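These are my notebook entries on one protein chain. I record what I looked up, entry by entry.

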Amino acid sequence: HIAEALEALHFDEEPENYKVDYTPKLNTTVKMVRSPFFNTNYLEFDKPLQKTYAEIDSFVAYMCTEGSLELVGRNFKEQLKAGESVLVPAAVEELQLIPSQRSKVLEVYC
């Protein structure tokens with residue numbers, strides 16, 4: 001696995017090449033990065049969002065960068081606020097993201 005991780009990193013690129021171009025859209029999942037190793041989406045929302053993961057067969061990591069929200073699955077609820085992250089197991093096929101205020105999160109999966 002170390003060789004795969006090293007292959008994903010590009011140590012010789014200049015830092016300015018790491019900027020990702022994307023246009024935020026309120027209450028919409030915005031694709032940021034697609035690679036053979038991971039996918040990253042940006043979500044900025046002020047109303048509940050329903051997410052379905054049945055087809056990705058991967059865990060999903062959520063990183064809250066602003067605001068706070070509740071993640072609600074069939075058998076659980078989890079609070080998430082700015083600066084916190086949570087890992088949602090691959091067994092979770094549907095999830096609702098319910099913001100308590102306007103929130104921004106990164107959604108990452110394989």
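**Entry 1: Cysteines**

I began with disulfides and found 0 of them in the structure, which is a predicted model. A disulfide is a covalent bond between the sulfur atoms of two cysteines. I then looked up the accessibility of two cysteines. Cys 64 has a relative accessibility of 3% and therefore counts as buried, the limit being under 20%. Cys 110, at 48% relative accessibility, counts as partly exposed.

**Entry 2: Overall make-up**

I listed the elements next. The protein chain has 1 helix and 9 strands. Read from the N terminus, the order is α-β-β-β-β-β-β-β-β-β. Of the 110 residues in the protein chain, 33% are buried. I also checked how far apart in sequence the contacting residues are. Among contacts between residues at least 6 apart in sequence, 62% join residues at least 24 apart.

Strand 4 and strand 9 run antiparallel and are joined by 6 bridges. In this pairing, Val 60 has Tyr 109 of strand 9 opposite.

**Entry 4**

I noted 4 bridges between strand 5 and strand 8, which pair in the antiparallel sense. Leu 69 has Pro 99 of strand 8 opposite.

**Entry 3: The largest nonpolar core**

In soluble globular proteins, nonpolar side chains tend to be buried together. I therefore looked for the corresponding group here. The largest nonpolar core has 17 residues, and the members that touch the most others are Tyr 62, Leu 69, Leu 71 and Leu 97. At least two residues of this core come from each of strand 2 (39–45), strand 4 (60–66), strand 5 (68–72), strand 7 (85–88), strand 8 (94–99) and strand 9 (103–109). Strand 4 contributes the most, with 3 residues.

Neighbours within four places in sequence aside, its contacts include Phe 45, Cys 64, Leu 80, Leu 97, Ile 98 and Val 105. Glu 78, Gln 79, Ser 100 and Ser 103 are also among the residues in contact with Leu 69.

**Entry 4: Asn 41**

Asn 41 is located in strand 2. Is Asn 41 buried or exposed? Its relative accessible area is 4%, so Asn 41 is buried. I then asked which side chains make polar contacts with the side chain of Asn 41. One is the side chain of Arg 34, at 2.8 Å. Another is the side chain of Glu 107, at 2.7 Å. Not counting residues up to four places away in sequence, Asn 41 touches Thr 29, Val 30, Lys 31, Met 32, Arg 34, Val 105, Leu 106, Glu 107 and Tyr 109.

**Entry 5: Tyr 22**

I found Tyr 22 in the loop between helix 1 (2–8) and strand 1 (28–34). Tyr 22 is partly exposed because its relative accessible area is 32%, and the limits for that class are 20% and 50%. Beyond its neighbours within four places in sequence, Tyr 22 is in contact with Val 30, Lys 31, Met 32 and Tyr 42. I also checked Tyr 22 against Asn 41: the two are 19 residues apart in sequence, and their C-alpha atoms are 9.7 Å apart in space.

**Entry 6: Positive phi values**

Most residues other than glycine have a negative phi. I recorded two residues with a positive value. Asn 27 has a phi near 60° and lies in the loop between helix 1 and strand 1. Asp 57 has a phi of about 50° and lies in the loop between strand 3 and strand 4. Asp 57 counts as exposed because its relative accessibility is 70%.

Terms used. Residues numbered from 1 in each chain as written. Predicted model: local features only at pLDDT ≥ 70, side-chain atom pairs only at ≥ 80, totals over all residues. Heavy atoms only, no water. Core = buried A, V, L, I, M, F, W, Y, C linked by side-chain atoms within 4.5 Å. Buried < 20%, exposed > 50% of the residue type's maximum accessible area, 1.4 Å probe, protein only. Contact = heavy atoms within 4.5 Å. Pairing = 2+ DSSP bridges. Disulfide = S-S within 2.5 Å. Polar contact = N/O pair within 3.5 Å; in protein donor to acceptor, adjacent residues only side chain to side chain.
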